[in-house]
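Student: Could we look at this structure together, one step at a time?
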Amino acid sequence: MTGETTVRTAALIHGRSAQQDTVRALLDGLPAQGGHLVLTGEPGLGRTTLLQWAARSFRAGPVLRLGPGPGTDTPATAEHLLDTLRQVPGPAPVLVCVDDAHLWDTPARTELSRATQRLRPDGPTGVLLTVAGHRAVDPDFAHLPVVRLDPLSPPDAADLLDDLTDGAVAPAVRERLLAEAEGNPALLHALVRRLSPAELRGHLPLPGPLADAATLAEVAGDAPTGPCGDTRDLLLTVAAAVRASDGPDADAGLVLDAVRRLRPEPGPGPRPAPLPDELALTGDRLRFHGALVRRAVLATAAPDRRRAAHRALADVLETGGDLLPALLHRSWSLAPAPAPRLADRLAAAADDTVSAPYGLRATAYARAAELTADAATRAERYTAAAEQALLAGRPERARPLLTAARDSAAPAAVRGRAELVRGLTELRDGPVGDAHQSLLLAASLLAPDDPTAADTATLAAADAAWAAGDLPACLAALAPEPRNSLPVHPNPAPLRAAGHLAAVVREHRVGMRAMLEGRIDRAVAPLGQVVERGRTDDRPEGLLRSAAAALLLGDVEAARRGGARALAAARRLGSDALVPQALEYLAYAELRAGRHPQARTHAEEGLRTALRAGQRNTAAHHRAVLALAASIEEEPDVVARHVTAALDTARRHGLAQVATLAEWATARADLGRGRPFDAADRLGLLVLPGPGRGHFAVWRLAVPCFVEAAVLAGRHEETREVLTDFAGWAAFGADPQAAAQLARCHALLAPPDRADGLYRHALARHDEAGGDFERARTALLHGKWLRRRRRPREARGRLGTALAGFDRCGAGVWAAQARGELRALGALSDSADTGTLTRLTPQQLRIARHVAEGATNREVALTLAVSTRTVDYHLRKVFAALGVRSRLELARLVEQAEQAEPVEKTGARP
């Protein structure tokens, strides 16, 4: 210990919302029926914390705690559990919490498993078990539903650290703590507690290693050492082999060959049987069930034995010709000391092995830096390691490497590369204003020696300014500057690749600036060239630029093609950092094309990958897309959830584009639900001139929604100026729907003698552009206009077309409007309404009937033995499917159905 800090308990449970929802569903259902859950995860991930939270949250009856250790009500015997439960009076529900059930002996585990199936005949009982996840789940519990706890994502771990320390940690120390903890909450807590206040604030150097053997052993608890020497060596060799595999597993043949070299015996030596509980064999790959235990095994081994395991692995790999991992293991087999010759060989191997995974190359460069004595060379190698870590989607690993690379002796080009990595990291997961400054500094440092990299940094600085909505800064970054020619390179292949990338960056820069300056004629040629180059490019960076240029030009199909090819290329190369960005461009392209379900699919995957890669800014973009997609459906809670999360990141990191999209989504949801005054108020802030106007490249997209809301709210005059701007935007052609939307806006504002023709013109333009949703919106407005002018036959046709379009693209909230208009025309008969009930699922029909009888959502949940969240979810689907807006309207519709011919009894009352 170097000094201890008293760490307060975290105020919140971070990163466990999905697991809490699952447990909450069990607790909500207990008044009606029993249930069981197994909470599993490796040591330190919070099994006990979640169990304690469940016990505190349960209010419907008593809570019994069973198991070994303090704080339990009964001993660890299943018979005692049954006796205790029999003594609970009446039918009140009971929650039984069993912590660390894997520590029970085999007979007790068997009895506990049986007991979960035969608890209390006169009252519902819920059982929550926790079992360790660093070994296989016991067969006794394999039949029970499992909730797995994984390591926290980098953003969640960062929030936990801020909660533990009130944010009073130096940035460099914060990066080291998050990297060492690897998402394990208990390990992060132990690391903070280990350091003194001066060390946490960066006033004293950190101990090395930060996560030492004692700390890892403390968190891992009963970290395995193995009952015999063979097992211990197997565990140690697997842990050592995974260290150089850039993944959670290692080749079983490599491990067994190394174990035989480690413990030479006559003959080949049998494979240890059975395999230790801590290991799993899948095909020909061996892995630990948990990363923490693997790290503890490696750290707590005797240094001589650990180095011997690495030496044995190096010998086997050298025999097979696997140079890079062999050199890594050879370096770890040495006593701690600089080794310049080995460092040079390791760095050279990382340079040459371009096909190796990014994470493995990052490890190789970092290890070469550790062995390097020269400060400037060491800084260069740490920078190279950070570059590879960023490409691997590991920003939490890149940041401490950049901190290690800081050295005044490093040449300007190396410092420029480091700033480029820092800026790109912040662009995806930090304040974009900071990213902008880092990237401009990188460009100035790189310009003399590497103009291509300097141009890349400059364009990335423009991206940061774009994200921030800072138009002057974006234009300044895109301003043309004289550049030297490409440096002479002895190998023509890298020169050709650099020349291709330089051309893409230069053309994108020129076209983007012309676009922002309003010189559309000068933007088309260079941006079109970027799109054209994407047809033959196979690198994700170039393909992403191609997709971005296509979006600027309004070529949605080219944007989809470029995004899809960028996604495939990033996955092929293992570039986890670029996968979320490729999915972002795909989602935006689908959204611009009006294909909301496809946009939602890409954004959902993009959100998951962005969170795994620690890219909160990219995740916020995906949340904005998800909010926009959900805004056309009958899911206001989904819109609100994504908008809240997107705005939280946008406000902290200065993401004006995300904020504008999120606010637009909220307003469009209001408009779809028949709340034009709310929508007009919110949209007015985004589109009307003034300091609060939305993002310079996004607000025009929201103009059609604003015009519709303003007209419905009686605020016609506010639309004139923005409609003039929108007309210029539509004339450019960057948005395939804009021309039809403009005609629709003019129809909304036109006198009666012109409106009909403008609506028909808008529909004709929609036919040219495609897209079900926007065309259906225009048909709905035209149908409303026709109905109010007593032209029912024409109105019925338009409204029927609108309803079909909304149904096709899943726009439930807008379909409800169309049904309401048709019902007002008498076009939906009682038999038609009755027929809609047959389209409900059995569960939806049961819920609809109970609600029609006047039951609250909670009463329905108790009757059907489900959670209130389940009732809420199904009731929203019922409202969307039937086109009703209130419980009273639903009751009338169900009553009509009951009085009409019998409905198909797919959902009879219980």
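Student: Which residue in β3 does V63 stand opposite?
Tutor: This is a predicted model: local features need pLDDT of at least 70, side-chain atom pairs count only at pLDDT 80 or more, and totals for chains, interfaces and linings use all residues. Residues are numbered from 1 along each chain as its sequence is written, and side-chain values use heavy atoms, leaving out hydrogens and water. Strands are DSSP runs of E with at least two residues, and helices are runs of H or I with at least four, numbered from the N terminus. The residue of β3 opposite V63 is L95.

Student: In which sense do β2 and β3 pair?
Tutor: Two strands pair if DSSP finds at least two bridges between them. β2 (residues 63-66) and β3 have four bridges, and their sense is parallel.

Student: Which residue of β4 is the bridge partner of L95?
Tutor: β4 covers residues 125-132 and runs parallel to β3, joined by five bridges. In β4, L95 has as its bridge partner G126.

Student: How many residues of β3 are buried?
Tutor: Buried means under 20% relative accessible area, exposed over 50%, and partly exposed in between (1.4 Å probe, protein chains only). V94, V96 and V98 are buried on one side of β3, and L95 and C97 on the other. For residues 94-98, the buried count is five of five.
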